[in-house]
Amino acid sequence: MFLGQVSPEVAIEWQSRASVLVNPRSVVEEYTRYSFPSKNIEYLLSGKPVVGYYLEGMPQIYQNFLCCVDPSLPPDEALAVKLGEVLSSDSAALFEKNKQFFAYARKPLGAEGIARSIIELTI
């Protein structure tokens with residue numbers, strides 16, 4: 001179901017109902033070399049597994065937190081394969097990824113430091 005643009009409250013409600021959150025931005029376009037979608041941080045903070053492509057503009061540590069899609073597969077197939085893996089995987093392993101992200105986000109850098117490092121990547 002496509003809802004179009006929704007309020008933050010509606011978006012949060014849908015995120016809370018989801019089993020898995022997906023950011024389908026693939027590595028096909030040149031701009032993704034410099035891209036760090038803030039949506040990924042929002043999704044990771046939800047505590048749900050996050051399926052997405054690891055983009056070159058992301059700090060490498062995010063490979064530990066995301067359920068990364070195989071960029072060598074066609075985009076539709078790659079997302080379907082990874083979603084199948086995540087939905088059939090051990091939830092304890094996925095919970096551990098979330099736990100690692102929360103520990104990373106709570107380091108002295110905190111959310112402000114993470115945001116600053118993202119901005120610095122684009123400068």
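I take a pocket to be an open set of grid points with protein on both sides within 12 Å along at least five of seven lines. The model I am looking at is predicted.

**Entry 1, pocket.** I looked up the volume of the largest pocket and noted about 390 Å³. I then listed the lining of this pocket, which comes to 15 residues. Nearest the pocket centre I found L3, A11, W14, Q15 and Y43. Next I asked which elements give two or more residues to the lining. They are helix α1 (8-17), strand β1 (21-23) and helix α2 (38-45). I noted that α1 gives the most, with four residues. I also sorted the lining of the largest pocket by class: twelve residues are nonpolar, two are polar and one is charged.

For β2 (residues 50-52) I checked the pairing with β3: the two strands run parallel and are joined by two bridges. I looked up the bridge partner of V51 and found C67, in β3.

**Entry 4, salt bridges.** I counted salt bridges, with a side-chain nitrogen of Lys or Arg within 4 Å of a carboxyl oxygen of Asp or Glu as the criterion. The count is four. I looked at one of them, between the side chains of K39 and E42, where the N to O distance is 3.3 Å. Why are K39 and E42 about one helical turn apart? They are separated by about one turn because they stand three residues apart in helix α2.

Conventions:
Residues are numbered from 1 along each chain as its sequence is written. This is a predicted model: local features need pLDDT of at least 70, side-chain atom pairs count only at pLDDT 80 or more; totals for chains, interfaces and linings use all residues. Side-chain values use heavy atoms; hydrogens and water are left out. On a 1 Å grid over the protein atoms alone, a cavity is a set of points where a 1.4 Å probe fits but cannot get out, and a pocket is an open set with protein on both sides within 12 Å along at least five of seven lines; lining residues have an atom within 4 Å of a point. Grid points are joined across faces, edges and corners, and a volume is the space filled by probe spheres set on the points. Ala, Val, Leu, Ile, Met, Phe, Trp, Tyr, Cys and Pro count as nonpolar, Asp, Glu, Lys and Arg as charged, and the others, Gly among them, as polar. Two strands pair if DSSP finds at least two bridges between them.
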